[in-house]
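The structure is shown first.

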Amino acid sequence: MNTFYSVLISGLTVGALYAIASIGLSLVWGALGVLNMAHGALLTLGGYVAYAAITGLGLPTGIGVLAAVLAGAVAGGLIYLLVVRNVLRQGMADFEANVMIATVGIAIALENGILLVFGGQPLKQPVTVDGSMTLGPLVLPWQSLIIMVAAVAAMAVIATALARTRMGRAIRATAQNRDAARLMGVAVDRVYLSVLMISGAVAGGCGLLLSSMVQLSPSLGNDPMLKAFIMCVVAGLGTLPGAVLVSFGLALLEAWVQYAFGARWGFPMLLCAVVVVLIWRPGGLMGRVQVRRM
Amino acid sequence: MTAPPVLELRGLRSGYDGIEVLRGVSLSIAAGETVTVVGPNGHGKSTMLRTISGLVPLRQGEIRLDGKPIGPHVHLTAARGIAHVPQGDLLFPGMTVHENLLMGAYLCPDSAEIARRLDEVHSLLPKLADRRSQLVSTLSGGERRMVGIGRGLMMGARILMIDEPSLGLAPLVIEQIYEVIIRMGQSGRTILLVEENPARVADFTDRMYLLDNGEFVWSGAPTELLASDELITAYLGG
């Protein structure tokens with residue numbers, strides 16, 4: 001029974017991390033229709049900025065956490081202002097492919113910049129919480145609980161903002177019909193900037209949480225970025241609630257596969273899930289199937 | 001027309017890629033007037049409205065609002081008091097009817113004013129109140145058209161540009177939609193309408209323009225156009 005709970009907690013913790021990583025990716029895809037390949041590098045940046053603030057500058061942990069989130073937001077904003085906006089101004093043809101290639105470049109530059117500043121050796125993230133709580137047969141590490149609570153909070157804040165705020169409505173409107181949104185007076189440029197900043201902030205926070213579980217390294221964000229992409233494809237690109245649900249579902253499945261068949265079978269299982277879903281439902285499990293009366 | 005024009009087009013030229021659709025179009029509308037542009041399909045009626053709202057880039061000419069030239073910034077069109085209800089409506093299919101209407105009032109900071117506009121739209125188009133929580137993608141063509149017009153009303157604009165409101169709809173729905181447009185005109189709004197069939201709008205249109213091959217070939221009172229077999233036969237296939 002203890003093994004069951006251990007695998008469950010492990011699956012939920014990893015699922016929470018996948019969910020936070022995929023929220024940002026899905027948000028950008030949903031609003032702009034482009035894949036931000038630098039998303040993983042923003043995760044890494046968040047982890048290192050917190051490390052530098054706390055260990056290097058001796059700032060309090062809370063400031064370090066805030067710095068990680070802010071660094072992600074600023075980097076996301078800069079990606080839009082310096083790259084995406086200019087590519088968009090060149091015209092809509094090949095916009096998606098051009099942004100994808102440009103953000104691959106940014107990811108490589110950011111990763112190498114981090115390598116140059118911090119070196120390639122793994123570093124220990126100071127933001128960790130030791131100990132655990134016991135609920136009957138369930139032993140829940142505080143670190144896992146914090147990650148799960150943070151994931152749920154991030155999801156709730158973003159979902160509420162999208163549904164209830166003026167900017168949220170503007171983001172959804174722009175994602176559904178850019179020209180119509182502009183006709184209503186929405187400054188699409190500002191919407192895109194906000195989306196990249198929100199996505200970057202979530203990525204920064206996710207990088208911090210992730211690095212508290214493993215160690216900091218310049219390639220920290222690569223694996224979660226790939227997994228987040230898998231979650232987004234399986235859920236249906238651009239569907240936020242779908243990405244979150246699939247993240248938890250597949251992470252639990254991955255945890256059970258790793259327990260039953262060995263750790264090396266976890267990733268192939270995820271890839272198989274993508275293949276099966278793309279054959280069965282090309283738009284993803286919860287992708288936007290347009291119900292339209294003729 | 002004695003009142004100064006609220007909207008004026010001077011020698012408008014625009015088009016898509018290498019094709020010039022509008023070839024020097026000039027028009028003026030006074031406040032409170034209802035002006036209809038008629039003409040055969042594919043001769044630039046919709047392009048004219050899309051150029052005014054900035055969706056199609058202006059190549060040459062000038063658009064003047066209250067006597068002052070305006071630039072082609074789409075997102076400023078609403079702020080300038082111009083509501084464009086385009087052909088095909090350009091709605092937000094994944095949002096509910098209510099959310100689509102709220103998007104019309106995106107620039108309005110006053111929640112009491114938004115509620116007042118919602119009441120007005122619901123009284124003019126009661127079906128939208130019934131369909132409030134329904135996703136727009138699941139509505140019929142006529143209902144989508146109503147959402148488009150309702151959203152235009154929610155913008156609180158003084159100039160309404162409506163592109164072919166009757167296109168592809170059942171006669172009963174067309175009647176309902178024109179009833180709303182007539183009431184909007186009676187409430188003092190300036191209306192620039194695009195329509196293929198002049199007979200349908202002649203009763204409530206102050207002036208009419210006939211657009212052919214990107215140029216106005218005639219303008220005057222609707223009764224004159226309907227009385228002229230020559231014009232109807234030459235330009236409207238009638």
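Predicted model: local features only at pLDDT ≥ 70, side-chain atom pairs only at ≥ 80, totals over all residues.

Over all chains, the structure contains eight aromatic pairs.

One of these pairs is formed by Tyr80(A) and Tyr192(A), whose ring centres are 6.3 Å apart and whose planes stand at 65 degrees. Two rings pair if their centres lie within 6.5 Å, and planes over 60 degrees apart count as edge-to-face; the arrangement of Tyr80(A) and Tyr192(A) is therefore edge-to-face. The pair connects distant parts of the chain: Tyr80(A) belongs to helix 3 (residues 61–89) of chain A, Tyr192(A) to helix 8 (residues 188–213) of chain A, and the two residues are 112 residues apart.

Are these two tyrosines buried or exposed? Buried means under 20% relative accessible area. Tyr80(A) has a relative accessible area of 1% and is therefore buried. Tyr192(A), at 5% relative accessibility, is likewise classed as buried.

Attention now turns to the contact between the two chains. In chain B, 27 residues are in contact with 20 residues of chain A. Together the chains bury about 2,400 Å², and 59% of this area is on carbon and sulfur atoms.

How many salt bridges does the rule find across the interface of chain B and chain A? There is one. A salt bridge joins the side chains of Arg172(A) and Glu99(B), with an N to O distance of 2.8 Å. The rule also finds four residue pairs in polar contact across the interface of chain B and chain A, with both residues at pLDDT 80 or more.

On the side of chain B that touches chain A, helix 2 (74–77), helix 3 (97–104) and helix 6 (141–154) of chain B each contribute at least two residues. Helix 3 of chain B gives the largest share of that side, four residues.

An aromatic ring also takes part in a contact between the chains: Arg166(A) is placed over the face of Tyr106(B), 4.1 Å from the ring centre.

Key
Residues numbered from 1 in each chain as written. Chains lettered and ligands numbered in written order. Heavy atoms only, no water. Phe/Tyr/Trp six-rings, centres within 6.5 Å; stacked < 30°, edge-to-face > 60°. Buried < 20%, exposed > 50% of the residue type's maximum accessible area, 1.4 Å probe, protein only. Lys NZ or Arg CZ within 6 Å of the ring centre and 35° of its normal. Contact = heavy atoms within 4.5 Å. Buried area = accessible area lost by both parts, 1.4 Å probe. Salt bridge = Lys/Arg side-chain N within 4 Å of Asp/Glu carboxyl O. Polar contact = N/O pair within 3.5 Å; in protein donor to acceptor, adjacent residues only side chain to side chain.
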